[in-house]
Amino acid sequence: MSSVKQVQVTFDCASPERVARFWCEVLGYVAPPPPEGFGSWDEYHASLPPEQRDTWFAACDPTGAGPRFYFQRVPEGKTAKNRVHIDVRAGTGLVGAERLAVLEAECARLVALGAVHLKTLYADDENESCINMQDIEGNEFCLD
């Protein structure tokens with residue numbers, strides 16, 4: 001029997017620190033401490049040549065339970081729909097109008113952070129409501 005492995009979710013993006021800090025706000029994650037010998041990330045970035053600044057950043061679950069999110073700068077922009085996306089489980093255990101109200105409130109909070117509300121999928125006979133969104137660089141995710 002194989003052992004369970006830890007998972008890191010990696011995002012290609014244009015501005016790693018900006019996107020990472022967005023996801024910290026979404027998930028209640030925290031930024032890692034700056035590299036050893038530096039009092040802040042700004043101090044660390046200032047020590048690098050301009051082309052090496054903001055090439056990566058991370059967002060970490062402060063409890064250690066969730067996966068680390070890693071953001072790396074790539075030269076090309078997003079060109080197609082994500083094949084994998086994040087589901088932010090804001091309405092777990094809730095149903096009907098109560099679930100929808102919680103999802104809509106969380107959607108409003110995330111839109112204020114720069115997310116885009118794409119579409120609300122309302123409950124039907126088989127599925128509960130969920131909301132399709134994009135982060136600040138266009139990566140799709142769902143509130144469910």
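In this predicted model, strand E2 and strand E3 (residues 68–73) run antiparallel and are joined by four bridges. One of the contacts sets Trp-56 against Gln-72, its bridge partner in E3. Both strands belong to an open sheet of three strands, ordered E1-E3-E2, in which the pairing is mixed. E1 and E2 (56–59) stand at the edges with a single partner strand each, so one side of each has no neighbour in the sheet. From one strand to the next, the twist averages 20 degrees.

The structure holds 13 aromatic pairs. In one of them, the ring centres of Trp-41 and Trp-56 lie 5.3 Å apart with the planes at 80 degrees; an angle over 60 counts as edge-to-face, so this pair is edge-to-face. The pair links distant parts of the chain, since Trp-41 sits in helix H2 (residues 41–46) and Trp-56 in strand E2, 15 residues apart. Trp-41 is buried, with a relative accessible area of 7%, whereas Trp-56, at 24% relative accessibility, counts as partly exposed. Trp-56 has a further ring partner in Tyr-70: here the centres are 6.1 Å apart and the planes are at 15 degrees, so the pair is stacked. Because Trp-56 lies in strand E2 and Tyr-70 in strand E3, this pair ties together parts that are 14 residues apart in sequence. Elsewhere, ring pairs link Phe-11, Phe-22, Trp-23, Tyr-29, Phe-69, Phe-71 and Phe-141 into a cluster.

E7 pairs in the parallel sense with strand E4 (residues 86–88) over three bridges, and Asp-87 stands opposite Cys-142. With strand E6 (residues 130–134), E7 pairs in the antiparallel sense over four bridges; here Gln-134 stands opposite Glu-140. The hairpin of E6 and E7 has five residues between the strands, and in this hairpin Gly-138 takes a positive phi near 90 degrees.

Attention turns finally to the open space in the model. The largest pocket holds about 470 Å³ of space. It is lined by 22 residues, of which Phe-11, Asp-12, Lys-78, Asn-82 and Asn-139 are the closest to its centre. Strand E1 (residues 8–13) gives the most to this lining, with five residues. By class, nine of the lining residues are nonpolar, six are polar and seven are charged.

Methods. Residues numbered from 1 in each chain as written. Predicted model: local features only at pLDDT ≥ 70, side-chain atom pairs only at ≥ 80, totals over all residues. Heavy atoms only, no water. 1 Å grid on protein atoms, 1.4 Å probe; cavity = no way out; pocket = protein on both sides within 12 Å on 5 of 7 lines; lining within 4 Å. Points joined across faces, edges and corners; volume = space filled by probe spheres on them. Helix = DSSP H or I, 4+ residues; strand = E, 2+ residues; numbered from the N terminus. Nonpolar A, V, L, I, M, F, W, Y, C, P; charged D, E, K, R; others polar. Pairing = 2+ DSSP bridges. Axes fitted to C-alpha atoms, helices over the stretch in contact; angles between N-to-C directions. Phe/Tyr/Trp six-rings, centres within 6.5 Å; stacked < 30°, edge-to-face > 60°. Buried < 20%, exposed > 50% of the residue type's maximum accessible area, 1.4 Å probe, protein only.
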